[in-house]
Amino acid sequence: MFVLGMVIFFVGLLISIAWHELGHLSTAKLFGIRVPQYMVGFGPTIWSRRKGETEYGIKAIPLGGYIRMIGMFPPGEDGRVEARSTSPWRGMVEDARSAAYEEIRPGDETRMFYTRKPWKRVIVMFAGPFMNLVLAVALFFVYLMGFGIREETNVVSSVQKCVIAAGENRDDCRAGDPAAPAAAAGLRAGDRILSVDGVATTEWNALSDAIRTRAGEQDVPLVVERKGERLTLRADITTNKVAKKDDRGMPVRGEYVEAGFLGFSPASGVFRQDFGESVVWMGDRVEDAVDGLIALPSKVPALVDAAFGDGPREDDSPMGVIGAARVGGEVFTLDIPPSQQVAFFVSLVAGFNLSLFVFNMLPLLPLDGGHIAGALWESVRRGIARVLRRPDPGPFDVAKLMPAAYVVAAVFVCFTLLVGIADVVNPVRIS
């Protein structure tokens, strides 16, 4: 089952990559740009077929994909495209420019990428990440509205016997631990808490907030439903160290506050979301993806320690394709209903596509966002020239940024290798 889960994840990955490149391909052809190749994967070609002027194929390493458009970069100032410099940095520029002019045929002079207006080039480069975003949204809707998400409820799962501060990592009572108010009040597993001190608590966050804000209050009435009957219990809410919550009601890792405490664990259930709730939930995931991307550099030291030292692999540690595939395999070994296995898998592939969208929108070459930034800058530069009645500066030569692109690519490769090693020797586990 573990192997099956990994295989299915890689199939989902290949579909996501092919879908991304289809966005580039379809818009490039729409604008008359010649596309010699459409490939899913890297390395040796294991299958290909030519249809029209484009070769479609699958390569051996399913870690990416590409389409090859002619004329990605404009010619040099003298109109030549072949490499002609002994400078290493200049050589990178000219090598990139030469590669962009491979397979130029008679009649292709007007079918090159750089000859298209900036807004068309923006559409071509944005179409790939946008396809990942579309797929992510579609899969998230299936996950949220079709399967549902696990949420904590206002039903009591278990009652603690004593007060234990959050972060102590123990569940056994010791001499001197005060009795938990929930047990003293007679709260039992299975009770549904309907209100606290007159405040309705139909969902977990409302219940949690009602308890937290009443630290130290005595004889607080709790209305509970037990076996179809409504009972009113009285509790003396104590003060304890509990996990801090963010503005979305989620616990903040490693941060605690002093707040009201009863001493019980909530039961959880799977609940389908309506359209509005799904939109809000996805908006939060986009925010999380952006925050996670910004936080990547700060996670490198812990990642190095996890890969080469004795450091733990945190739950929110960056994962690569290997790690995500392992999680996909692990999902299929969990002792949960098959519908929840499928739901988790759908959310995993959706999250991967959302990450691809956010990552590719970085305004750095060789990412799609770098080409988008170049086209936008060209449009701004030409607009300024028109306003000032100056000569048209011509297309912006993105090839001149290739030395920086190679540096960025090298950083990405090193980070990918680091994450890959950590995914093998110290993987993130969900069980």
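Begin by selecting Glu378, which lies in helix H10 (residues 368-387); helices here are DSSP runs of H or I with at least four residues, strands are E runs of at least two, and both are numbered from the N terminus. The model is predicted, with local features requiring pLDDT of at least 70 and side-chain atom pairs pLDDT 80 or more, while totals for chains, interfaces and linings use all residues. Residues are numbered from 1 along each chain as its sequence is written, and side-chain values use heavy atoms, leaving out hydrogens and water.

Glu378 has 0% relative accessibility and therefore counts as buried (under 20% relative accessible area, with a 1.4 Å probe and protein chains only). Beyond its neighbours within four places in sequence, Glu378 contacts Pro118, Arg121, Gly394, Pro395 and Phe396 (contact: heavy atoms within 4.5 Å).

Next, select helix H3 (residues 118-147) and helix H6 (residues 275-294), whose axes come within 10 Å and cross at roughly 125°. Axes are lines fitted to C-alpha atoms, for helices over the stretch in contact, and angles run from 0 to 180 degrees between N-to-C directions. On the H3 side, display Val137, Phe140, Phe141, Tyr143, Leu144 and Met145; these meet Phe275, Ser278, Val279, Trp281 and Met282 of H6. By class, this contact comprises 10 nonpolar residues, one polar and no charged (Ala, Val, Leu, Ile, Met, Phe, Trp, Tyr, Cys and Pro are nonpolar, Asp, Glu, Lys and Arg charged, the others, Gly among them, polar).

Finally, select helix H5 (residues 204-212), where Trp204, Leu207, Ser208, Ala210 and Ile211 are buried. The buried residues of H5 pack against strands E3 (149-159), E4 (192-196), E8 (238-245), E9 (251-261) and E10 (264-271).

Key:
Buried < 20%, exposed > 50% of the residue type's maximum accessible area, 1.4 Å probe, protein only.
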